[in-house]
There are 2 protein chains.
Amino acid sequence: MKVAIYGYGNLGRGVECAIAQNEDMELVGVFTRRPPETVKILTEGVSVYPVEKSVEMKEEIDVMILCGGSATDLPVQTPAMAELFNVVDSFDTHAKIPEHFEAVDQSAKQNGHIAMISVGWDPGMFSLNRLYGGAVLSDGKDYTFWGKGVSQGHSDAIRRVKGVKDGKQYTVPVERALDAVRSGKNPELTTREKHLRECYVVAEEGADLKQIETDIKTMPNYFADYDTTVHFITQQELDEQHSGIPHGGFVIRSGRTGKNLEHQHIIEYSLKLDSNPEFTASVLVAFARAAYRMNQEGMSGCKTVFDVPPAYLSPKTGAELRKELL
Amino acid sequence: MKVAIYGYGNLGRGVECAIAQNEDMELVGVFTRRPPETVKILTEGVSVYPVEKSVEMKEEIDVMILCGGSATDLPVQTPAMAELFNVVDSFDTHAKIPEHFEAVDQSAKQNGHIAMISVGWDPGMFSLNRLYGGAVLSDGKDYTFWGKGVSQGHSDAIRRVKGVKDGKQYTVPVERALDAVRSGKNPELTTREKHLRECYVVAEEGADLKQIETDIKTMPNYFADYDTTVHFITQQELDEQHSGIPHGGFVIRSGRTGKNLEHQHIIEYSLKLDSNPEFTASVLVAFARAAYRMNQEGMSGCKTVFDVPPAYLSPKTGAELRKELL
């Protein structure tokens, strides 16, 4: 399988590493909107091209993995690239998925390609677990918790506060809420009861720390609805102890069975990730394999993780999977 | 969807309850090898038939859910029933799955039916998690732990010991082993390090308790390779405190990503089940829905959980799934 990468940030670099971990795949190019000579990639012997060049390489690429952002890049790039290639993206604006699906489906179908959207862990692996959990335990309730992990959006919000030089925000699931869900009590949980927000802030010299703390804790949408803690630290501490991009979370389905629903069952799926972008990239690469195979079998159109027979994700044959993993 | 049940023990009863929990399904009959008038089912207005009658009801049943045992029932029943119906079974003799697959595939293909085998939680949901985990984190290792739960085979083995009147065995995962796996150490674990065996035994009057304990703990295959504890209790205690059939377990994938594999990720899937047969039944019913749909689309042959696009398991439409769960 010949795979290419469109967009080379943290996610693109993660995809590059993941391709190197899969023997049935070969990286054949990285496409960038920056001047190609300014982009240095990790894989020797592979070229960086300007995005315009992708049209000419239509025949040399089996799947294009799109590594742009959901806000402005993917709504344009995914439908456009699906005209030329099988594509996979990680579009993660949950509310706009139906709209994105329609735009991409049309383009992919007209050109006989598979376009796999919203691949990653949420949307992605977490979505799969919400689906499986609900299909199996139809009388039940599901809960998604995120963290402990870095939220880029909330970290950006902190950095926009007056007097803040730098900062990072961790989303933390509340242990008491997790335990209540695991106990099968099916609690109704408020936003505040589910997650905490922990902020590590580097203040500018002479800044009013009390004011910064208040500005953060009362910020609407981002922090006001949560129990938020603010820790002031030095730039050195931030760089040394908070430079990673860990994340993770939990999907829990709690449900009942039996004649009188007398039996309780708990299904729990959890992720603990050292690197959010690299894990997302690993999911993208597995679904790129599936996209290629589905297209080889004559399928086309927009697909999500819900549409992919799991066997298509693995390099093993059906017989190997049944013997080794079933 | 018109669903029927073949074999009415704990699993068959669980399937009956699960069908009642799913509005798009209707139970149209229970088939038994016992005299039908001796079998009392829970659903009013549904008949119990002798198994021979199934041939005549070919047109009235969309999916037949087979609830026999893996040792002697299913190797015969699944290929035979796949001639007449779309079928789902819970064949769980892992080593014989390839052989079972071949026999069933032939019969299902020749007759244009879908036969979904080895559905449940292991094989089944656990297999899916082994596959997804390995496909996403290709550099890694997976671990399956079972329990805490009742093992029917080990309970039977206890009851065959001289001087034992009744007994029940719990398989218990070792917490220290789970923690080592979760820490990302990728330990090599022996059989003894992974699971404990806890036995609750009712002795016959005047029996040699010391001897019973020794006989159990040294029993090859079943107990000799494990740290086993034996608790002697009264029949009343056994009946009151150990009458349930709970089970569960863990599938953990631990893997690394990054240029130098510097990032660690842990994927953990766990089940805590009050009723092993009822949960298995709930999985069977969800896959019965998929079997029917796949057949409606013209597919046939033997399938496993690996071959089923997850969307087929849910009563929701593709658009609903994308909007609500993705």
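In the predicted model, R159(B) has a relative accessible area of 30% and therefore counts as partly exposed, a class that lies between buried (under 20% relative accessible area) and exposed (over 50%), as computed with a 1.4 Å probe on protein chains only. R159(B) forms a salt bridge with D156(B), the closest N and O atoms being 2.6 Å apart, where a salt bridge is defined as a side-chain nitrogen of Lys or Arg within 4 Å of a carboxyl oxygen of Asp or Glu. Both residues belong to helix 5 (residues 152-159) of chain B and are 3 residues apart, about one turn of the helix; helices (H or I, at least four residues) and strands (E, at least two) are taken as DSSP runs and numbered from the N terminus. D156(B), at 32% relative accessibility, is likewise partly exposed. Because the model is predicted, local features are reported only at pLDDT of at least 70 and side-chain atom pairs only at pLDDT 80 or more, whereas totals for chains, interfaces and linings use all residues. Residues are numbered from 1 along each chain as its sequence is written, chains are lettered from A and ligands numbered from 1 in the order in which they are written, and side-chain values use heavy atoms, with hydrogens and water left out.

Over all chains, the structure holds 34 salt bridges. One of them joins the side chains of E198(B) and K148(B), with an N to O distance of 3.7 Å. E198(B) lies in strand 10 (residues 195-203) of chain B and K148(B) in the loop between strand 7 (140-146) and strand 8 (149-150) of chain B, so this pair ties together parts that are 50 residues apart in sequence. E198(B) is buried at 19% relative accessibility, whereas K148(B), with a relative accessible area of 46%, is partly exposed.

A further salt bridge is formed by E268(B) and R182(B), whose closest N and O atoms are 2.8 Å apart. This pair links distant parts of the chain, with E268(B) in strand 13 of chain B and R182(B) in helix 6 (residues 175-182) of chain B, 86 residues apart. E268(B) is buried at 9% relative accessibility, while R182(B), at 28%, is partly exposed. In chain A, a network of salt bridges links E175(A), D179(A), R182(A) and E268(A).

E268(A) also has a place in the pairing of strands between the chains, where its bridge partner in strand 13 of chain B is S270(B). Strand 13 of chain A and strand 13 (residues 263-273) of chain B run antiparallel and are joined by 9 bridges, two strands being regarded as paired if DSSP finds at least two bridges between them. In the interface as a whole, 63 residues of chain A are in contact (heavy atoms within 4.5 Å) with 63 residues of chain B. The two chains bury about 5500 Å² between them, 64% of it on carbon and sulfur atoms; buried area is the accessible area (1.4 Å probe) that two parts lose on being put together, summed over both. Between chain A and chain B the count of salt bridges is 0. The side of chain A that touches chain B receives at least two residues from each of helix 3 (97-110), helix 4 (125-136), strand 12 (247-257), strand 13 (263-273), helix 10 (276-296) and helix 11 (318-324) of chain A. The largest share of that side, 11 residues, comes from strand 13 of chain A.

Within chain B, an open sheet of 4 strands has the order 8-9-10-11, with mixed pairing, and its edge strands, strand 8 and strand 11 (227-232), each pair on one side only. Strand 9 (residues 164-173) and strand 10 of chain B pair in the antiparallel sense over 9 bridges, and the bridge partner of G167(B) in strand 10 is V201(B). In chain A, 4 strands form an open sheet in the order 8-9-10-11, also with mixed pairing. Strand 8 of chain A is joined to strand 9 (residues 164-173) of chain A by 2 bridges, the two strands running antiparallel, and V150(A) has Y170(A) as its bridge partner in strand 9.

Not counting residues up to four places away in sequence, Y6(B) touches F31(B), V51(B), M64(B), I65(B), L66(B), C67(B), G68(B), Q77(B) and M81(B). The C-alpha atoms of Y6(B) and V87(B), which are 81 residues apart along the chain, are separated by 9.9 Å.
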